Amino acid sequence: MENGKEVILTPSGLQKLEEELEYLKSTKRREVADRIKVAISYGDISENSEYEDAKNEQAFVEGRILTVEKMLRNATVIDEEEVNKEVVNVGCTVVLKDLEFDEELEYTIVGSAEANPNENKISNESPVGKAILGKPINSTVDVTVPAGNIKYKILSIS
């Protein structure tokens, strides 16, 4: 993550990050420290895979803590009540029609920190997110994806 890059979050996304940070700092740090203590108790740490694993996990946990803290420092929380629903914005839920396959898709546009395709939450920085951002209802957009070009029509914004 670039230094000082704005992180756009919904209120629920902010809450999830705060909860993750609390968990990492309280529970996870302690668990990893306990694993390291146990591994050291096995004796020679030069060929101790438990010790290596625990130290690697500790490095990962500390790195994630720094990343989440930076995200929270640079967070801009969007007020879902104040989002302009005339055009697609972060925080909107959008119904798109795939014009080739005549399918309707519903996505919530979120910041990249919250994106989760399995929950139909797509980033404002994704190809689809970029293409529809700022567009009004009934707009047709072309989205270039690895598989080619997709044409979507924006059916609704809520």
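Which element contributes the largest share of the lining of the largest pocket? In this predicted model, local features require pLDDT of at least 70 and side-chain atom pairs pLDDT 80 or more, whereas totals for chains, interfaces and linings use all residues. Residues are numbered from 1 along each chain as its sequence is written, and side-chain values use heavy atoms, without hydrogens and water.

The largest share, four residues, comes from α1 (helices are DSSP runs of H or I with at least four residues, numbered from the N terminus). The lining comprises Leu9, Gly13, Lys16, Leu17, Glu20, Ala113, Glu114, Asn116, Glu119 and Lys121. A pocket is an open set of points on a 1 Å grid where a 1.4 Å probe fits, with protein on both sides within 12 Å along at least five of seven lines; lining residues have an atom within 4 Å of a point. The volume of the largest pocket is about 150 Å³, taken as the space filled by probe spheres set on the points. Three lining residues are nonpolar, two polar and five charged (Ala, Val, Leu, Ile, Met, Phe, Trp, Tyr, Cys and Pro count as nonpolar, Asp, Glu, Lys and Arg as charged, the others, including Gly, as polar).

Helix α1 (residues 11–41) and helix α2 (residues 49–73) have axes that come within 9 Å and cross at roughly 160°; axes are lines fitted to C-alpha atoms over the stretch in contact, with angles from 0 to 180 degrees between N-to-C directions. The two helices are therefore roughly antiparallel (angles over 145 degrees). Their contact involves 15 nonpolar residues, one polar and 13 charged.

Leu72 lies in α2, and its C-alpha atom is 7.7 Å from that of Val7, 65 residues apart along the chain.

Notes: Angles under 35 degrees count as roughly parallel, over 145 as roughly antiparallel, 65 to 115 as roughly perpendicular and the rest as oblique.
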